[in-house]
Amino acid sequence: MEVFGYLIPYGLEWLNLIVRWLHLITGIAWIGASFYFVWLDNTIRPPAPGSDLANKGVSGELWAVHGGGFYNPQKYLVAPAELPKELHWFKWEAYSTWISGFALLTIVYYFNAQAMMVDKAVADLSSWQAIGIGIGSLVVGWTVYDLLCRSPLGKRDLPFGIVMFLFLVASAYVLNKYLSGRAAYIHVGAMIGTMMVANVLMLIIPGQRKMVAAMMAGQKPDPIHGLKAKQRSVHNNYFTLPVLFIMISNHYAMTYRHEHAWAVLAGIMAAGVLIRHFFNLRHKGRVEWKYPVAGVALLLAVAIAIAPKAPAAAAAAAGVDPAAQFAQVQAIVIQRCATCHAERPTQPGFASAPAGVMLHNAELIRQNAAKIYQQSVQLKAMPIANLTNMTDAERAQVAAWFEAGAK
């Protein structure tokens with residue numbers, strides 16, 4: 001029975017690995033296609049007036065060389081005169097990314113909500129309450145975004161972008177009032193990802209199906225479907241860099257553990273949008289360095305604003321025996337940290353040491369002194385969700401030991 005109990009978290013860890021790998025693969029395929037087609041739209045050039053291509057209804061074309069071959073993609077104003085026998089639909093990349101992402105969200109966060117989503121210093125929630133808030137945020141996010149797109153504001157790109165950005169920042173602020181910082185961040189990312197895939201499922205693909213159905217019926221397709229699909233596709237393009245940061249944010253507690261984590265996320269998302277905008281303009285032949293410069297400056301400002309204060313150069317306190325001080329710290333680390341950070345974790349839900357950091361003996365504790373200080377004292381990110389009830393007094397003891405030289 002004991003072996004079986006240990007194999008459950010081990011099996012979940014393998015499931016986590018496989019689904020995360022799948023999510024990464026499908027995400028690369030989807031975002032790569034998004035980047036390529038936005039680049040293509042911005043790069044194609046109209047044919048000469050009166051040329052064969054212009055007479056066929058081609059709005060732009062491009063010659064490219066890649067992998068030893070030449071390519072000549074063409075875009076029609078509405079549709080070609082005849083429907084080709086084979087037509088590729090770009091949809092499964094998006095669907096697979098969202099499905100694998102939601103599965104990963106369930107495995108990592110919903111199966112272990114008390115550890116991964118609940119921070120009792122923020123809000124004392126049950127697992128089901130935390131999960132309900134998380135799933136509810138996805139529904140609310142898509143509903144608000146879709147209504148904004150359909151409103152008169154949706155026709156004005158800059159005002160729409162500003163309002164949408166403020167909505168996402170407000171969502172991050174609210175989620176940080178109820179969930180752990182890490183879970184709040186990942187649910188903002190899941191909100192954006194849900195908007196992106198719903199754009200494909202609810203607008204882009206149905207619009208394309210209507211255009212194909214009209215051609216098959218011998219009718220001229222309504223260009224409005226293409227315009228709506230293009231709008232949502234461009235939105236997805238600007239969402240990509242913020243959502244990619246959020247996908248990796250769980251590795252950087254300095255961002256989601258900050259007391260103003262929502263503002264940190266706002267700054268990083270804004271930088272991502274500015275940098276993406278630079279590339280979109282560059283593809284059109286406009287090189288405006290003010291956008292990446294502003295993006296980098298914003299990232300630098302965030303980094304400076306959240307920088308931890310350097311520990312004071314503390315001399316060894318009079319009468320404090322370094323060996324006795326370390327013995328106290330080792331006892332704290334063994335009790336509060338090594339339940340997870342060990343070769344064989346004893347904390348339920350953990351099959352291996354998080355990030356491969358092990359702290360079950362004196363040598364490993366000294367070797368990881370800086371990490372212990374950063375995570376348990378500066379960020380207070382560990383123990384995760386404070387599962388082992390590390391006290392402020394114990395954190396102070398770890399701080400005193402590190403600041404005295406970690407001997």
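Is N176 buried or exposed? I looked it up in the model, which is a predicted one. N176 counts as buried, because its relative accessibility is 17% and the cut-off for buried is under 20%. I placed N176 in helix α6. I then listed its contacts, leaving aside neighbours within four places in sequence. They are V122, G181, A184, Y185, A261 and W262.

**Entry: α6 and α10**

Next I followed α6 to a helix that it packs against. Helix α6 covers residues 157-176 and helix α10 covers residues 261-283. I read a crossing angle of roughly 150°, and the axes come within 8 Å. Angles over 145 degrees count as roughly antiparallel, so α6 and α10 get that label. The crossing of α6 past α10 is right-handed. From α6 I noted F165, L168, V169, A172, Y173 and N176 in the contact. From α10 I noted A261, W262, L265, A266, M269 and A270. How do the residues of this contact divide? I have 11 nonpolar, 1 polar and no charged.

**Entry: α5 and α8**

Helix α5 is residues 127-150, and helix α8 is residues 223-248. Their axes lie 12 Å apart, at an angle of about 130°. At that angle, α5 and α8 are therefore oblique to each other. I noted a right-handed crossing here, with α5 passing α8. Which residues make the contact? On α5 they are W142, Y145, D146, C149 and R150. On α8 they are Q231, R232, H235 and F239. I sorted the residues of this contact into 4 nonpolar, 2 polar and 3 charged.

**Entry: aromatic pairs**

Aromatic rings came next. A pair of aromatic rings is described by the distance of the centres and the angle of the planes. The count comes to 16 aromatic pairs. I looked at W142 and Y145, whose ring centres are 5.9 Å apart. Their planes stand at 50°, so I wrote this pair down as tilted. W142 and Y145 are 3 residues apart in helix α5, so about one helical turn separates them. Are these two residues buried or exposed? W142 counts as buried, at 16% relative accessibility. Y145 also counts as buried, at 0%.

I then took F278 and W289, an aromatic pair that is tilted too. I have 5.0 Å from centre to centre and 35° between the planes. Where do the two residues sit? F278 is in helix α10, while W289 is in the loop between α10 and α11 (290-305). The two are 11 residues apart, and the pair links distant parts of the chain. F278 is buried, with a relative accessible area of 5%. W289 is exposed, with a relative accessible area of 56%.

I also logged an aromatic cluster. Its members are Y36, F37, W39 and F90.

**Entry: T26**

I checked T26, which has its place in helix α1 (residues 2-43). T26 counts as buried, at 11% relative accessibility. What does T26 touch, not counting residues up to four places away in sequence? I wrote down E93, S96, T97 and S100.

**Entry: K371**

K371 lies in helix α14, residues 369-378. I noted K371 as partly exposed, because its relative accessible area is 47%. I also took a distance to Q347. K371 and Q347 are 24 residues apart in sequence. Their C-alpha atoms are 20 Å apart in space.

**Entry: whole chain**

I finished with the totals. How many helices and strands does the protein chain have? I have 15 helices and 4 strands. Along the principal axes, the C-alpha atoms fill a box of roughly 95 × 55 × 45 Å. The protein chain has 407 residues, and buried residues make up 42% of them.

Conventions. Residues are numbered from 1 along each chain as its sequence is written. This is a predicted model: local features need pLDDT of at least 70, side-chain atom pairs count only at pLDDT 80 or more; totals for chains, interfaces and linings use all residues. Side-chain values use heavy atoms; hydrogens and water are left out. Axes are lines fitted to C-alpha atoms, for helices over the stretch in contact, and angles run from 0 to 180 degrees between N-to-C directions. Angles under 35 degrees count as roughly parallel, over 145 as roughly antiparallel, 65 to 115 as roughly perpendicular and the rest as oblique. A crossing is left-handed if the near helix is turned anticlockwise from the far one by less than a right angle, and right-handed if clockwise. Contact means heavy atoms within 4.5 Å. Ala, Val, Leu, Ile, Met, Phe, Trp, Tyr, Cys and Pro count as nonpolar, Asp, Glu, Lys and Arg as charged, and the others, Gly among them, as polar. Buried means under 20% relative accessible area, exposed over 50%, partly exposed in between (1.4 Å probe, protein chains only). Rings of Phe, Tyr and Trp (its six-membered ring) pair if their centres lie within 6.5 Å; planes under 30 degrees apart count as stacked, over 60 as edge-to-face and the rest as tilted.
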